[in-house]
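User: I am new to reading protein structures, and I would like to learn how to look at a model feature by feature. Could you take me through one slowly?

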Amino acid sequence: MEPEQPSPDTERESLHEEPHLPPPTLWPIGFAIGIVVVLVGLIINPLLISTIGAVIAIVFGILWARDATAELRGQPLVVEPERREMTEAGEGMTAPPADQQGVALVQVPETAVTRSVFLEGATLGLGAAIGGLITLPVAGFMVLPSFLGQEQHKVDLGPIEKFPLGKWFIATFVVDPSQGEVSRRTAFVRNNGNTPNPEKPSEQVPSFTIISNRCAHLGCPVQANGPIGQKYTGTPSFKEHTLTGPAEFKSVTPAGYGCPCHGGQYDPEGNRIAGPPVRALDRYAFEVNHGRLVLLSTYSVSHVEGSGAQAKIYKYKEVGPGEHVDGPEQLFYPINPPHH
Amino acid sequence: MATTYRRKPTKSELRRQQMEELVMFPIDWLEERSGLIGGIRYFLFRNVPSDVNWMQTLGSAALTAFLVQAITGVILAMYYVPSATTNPKTGNPVAWESIVHITDDLTLGWLVRGMHRWGASVFIILMFLHMGRVFLFGAYKYPRELNWIIGVLILVMGMMEGFTGYLLPWDQTAYWATVVGINLNGTAPFLGPWLAQFLRGGQEISGETLTRFYSLHMLVIPGAIIGLITLHLYLVIRLGVTSPPWSKDAAGMEPEEEEAARLRPGLTRPVPRPSGASAMQAEPGGRE
């Protein structure tokens, strides 16, 4: 190949060595900000903020005009042209002829940010800003609704007179009517009769044992081990259309509870007696409102001592199945997600 | 066998020539503007060891199984309704009814749903067999460790597909399997309870869990699998196919033919040479 003549590309390259006209300036931006402040001030506070905006606009306007007319007024422009070393030609470029090299070679200070580096950083920075602006709210929408605004549902189970003293019932009820069947839950309910209020011993308050059927192993539905129905228990089953929806109560005499999935076994108070569960069955908090039994949220139980109204229940905040609430394993679950 | 004599081409020869031009024109058009044909030729006609084994088709088989899942899944999504609400006329959930509709009412719906349902197991089984072949052939060793890692990620993604897809029929099996599956995740130390609540979309399984699993099953995870498969294939093409462990070629024994001598020791990928495909990809008039 013949040695190449300086191509038109190279000539155009050398044109870059000349100062750019007009030079880049920030004054118009300041001027625009001033105008914006004036306009905003007209709405908020014309006297104060608009005045500040006017001052900003006038100052920047004067500076802008001074710069723009500098050449007309015969003052030299103070703009340093960008220079690059041209001794080594990159791909697709040819080195300038030897007599031009001295002209092109201007030592750029080490600290100088060249145009290309600035544009590279600006592209990356702007891209990151745009990406972040889009990603953050979207990721928040993906994750946060699962944890925030969890509603507590109160479930009405009807008048407490319907529950004979000391008799167990398998209660099924819909927790959230808007969700429908998927929110159907089962609990084992026993009326323990009246018991002295622990805060005011002179007062008598109703006591119920309400055990959730969610297995403390992996959340399968535990079943009552015992005969179901009036024929065996002597207590009639009944249905009730309560304030929160239809509920069904089957009488039962449980010798305990068993899980069909992995064989966890519990005693009638919900204590684990065999199998893989890590704690006792969860229980429902309740209140008696105008003589009606109302279920509140569930809470977790490590174990129960005694039974009925006198039982000593070791209560913990509601946690998921398979989570230890006591013993050294509880250290594995230091922070639980928010729960109603 | 070029003909050296000149004569007027016969009519049939002319017609043949015209046909060839007709076929080649769009191919050439595409190649000139995209280089795609050269890329496909490079992929299809690249060199592999002479003693490759039928076992080495298991990866392609798994890929085919994935494509079957993708195509049948897209078509099932045209009929499936991911709604946990109850149909007031029948008292059944809408999602479950749409599956019954696909299976019992729609023409060939039973077949496509069956392909998707059984193909899921086929995909997982083929991935495991492929993994076993790679392990027994030692094909995970340098320089292919990264491809093993990507393969494991595809396997995990495939299992997540199985987990999320299992809920979609919205029957008792689906519901309780998902209850247990999510609670299993929930027992993981530290972040487990948070992961479980994220998967459920709240404290309890609800209609939102169904729509969430549907989105994961048909958009998020398949997208990730497609990306990972692309990377996986790129590395297969870049690093070449491994010889079986009994290969004499790869062991550097019996370099009888010139072909064997061109293998670098320890590597089964031949030294690159200009071929039709790579010549097409080179810059016009540029250096090699």
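Analyst: What follows is a walk through several features of this model, which is a predicted one.

User: Into which domains is chain B divided?

Analyst: The assignment gives domain 1, covering 17–46, and domain 2, covering 54–239. The C-alpha centres of these two domains of chain B lie 37 Å apart.

User: Now take one helix. Which residues of helix H4 of chain B are buried?

Analyst: In H4 (residues 94–105) of chain B, the buried residues are B:Ala95, B:Trp96, B:Ser98, B:Ile99 and B:Ile102. Seen down the axis of H4(B), they fall within an arc of 160°, so they line one face of the helix. On the other side of H4(B), B:Asp104 and B:Asp105 are exposed. The buried residues pack against helix H3 (58–76), helix H5 (109–136) and helix H9 (207–239) of chain B.

User: What should I look for when I search for a core?

Analyst: The general idea is that in soluble globular proteins, nonpolar side chains tend to be buried together. Here the largest nonpolar core has 33 residues, and those that touch the most other members are A:Phe169, A:Ala171, A:Ala187, A:Val189, A:Ile210, A:Leu281 and A:Leu295. Several strands of chain A each supply at least two residues of this core, among them E1 (155–159), E2 (168–174), E3 (184–196) and E4 (204–212). A second, separate core of 21 residues includes B:Ala84, B:Val179, B:Leu199 and B:Ile205. Returning to A:Ala187, and leaving aside its neighbours within four places in sequence, its contacts include A:Ala171, A:Ile210 and A:Tyr284.

User: How do I read the pairing of strands, and in what order do the strands of the open sheet in chain A stand?

Analyst: In a regular strand the side chains alternate between the two faces of the sheet. In chain A, 4 strands form an open sheet in the order E5-E8-E9-E10, with antiparallel pairing. Strand E5 (223–224) and strand E10 (272–274) of chain A stand at the edges, each with a single partner strand, so one side of each is left without a neighbour in the sheet. E5(A) pairs with strand E8 (residues 257–258) of chain A over 2 bridges, and A:Ala224 stands opposite A:Tyr257 in E8(A).

Strand E11 (residues 283–289) and strand E12 (residues 292–305) of chain A also run antiparallel, joined by 6 bridges, and A:Phe286 stands opposite A:Leu295 in E12(A).

User: Which backbone angles deserve a second look?

Analyst: Most residues other than glycine have a negative phi, and most peptide bonds are trans. In the hairpin of E11(A) and E12(A), with 2 residues between the strands, A:His290 takes a positive phi near 55°. A:His290 counts as exposed because it has 6 C-beta neighbours inside 10 Å. B:Phe190 is not a glycine either, and has a positive phi of about 65°; B:Phe190 is found in the loop between helix H7 (172–186) and helix H8 (192–200) of chain B. The peptide bond from B:Tyr142 to B:Pro143 is cis, with omega near 0°, and B:Pro143 is found in the loop between H5 and helix H6 (145–167) of chain B.

User: Finally, how many residues does each chain give to the contact between them?

Analyst: Chain A gives 24 residues and chain B gives 25 residues. By class, the side of chain A that touches chain B has 12 nonpolar, 10 polar and 2 charged residues.

Key:
Residues numbered from 1 in each chain as written. Chains lettered and ligands numbered in written order. Predicted model: local features only at pLDDT ≥ 70, side-chain atom pairs only at ≥ 80, totals over all residues. Contact = placed C-beta atoms within 7 Å. Nonpolar A, V, L, I, M, F, W, Y, C, P; charged D, E, K, R; others polar. Pairing = 2+ DSSP bridges. Domains from an automatic or database assignment. Buried ≥ 20, exposed ≤ 12 C-beta atoms within 10 Å, placed from the backbone. Arc of directions from axis to C-beta. Core = buried A, V, L, I, M, F, W, Y, C linked by C-beta atoms within 7 Å.
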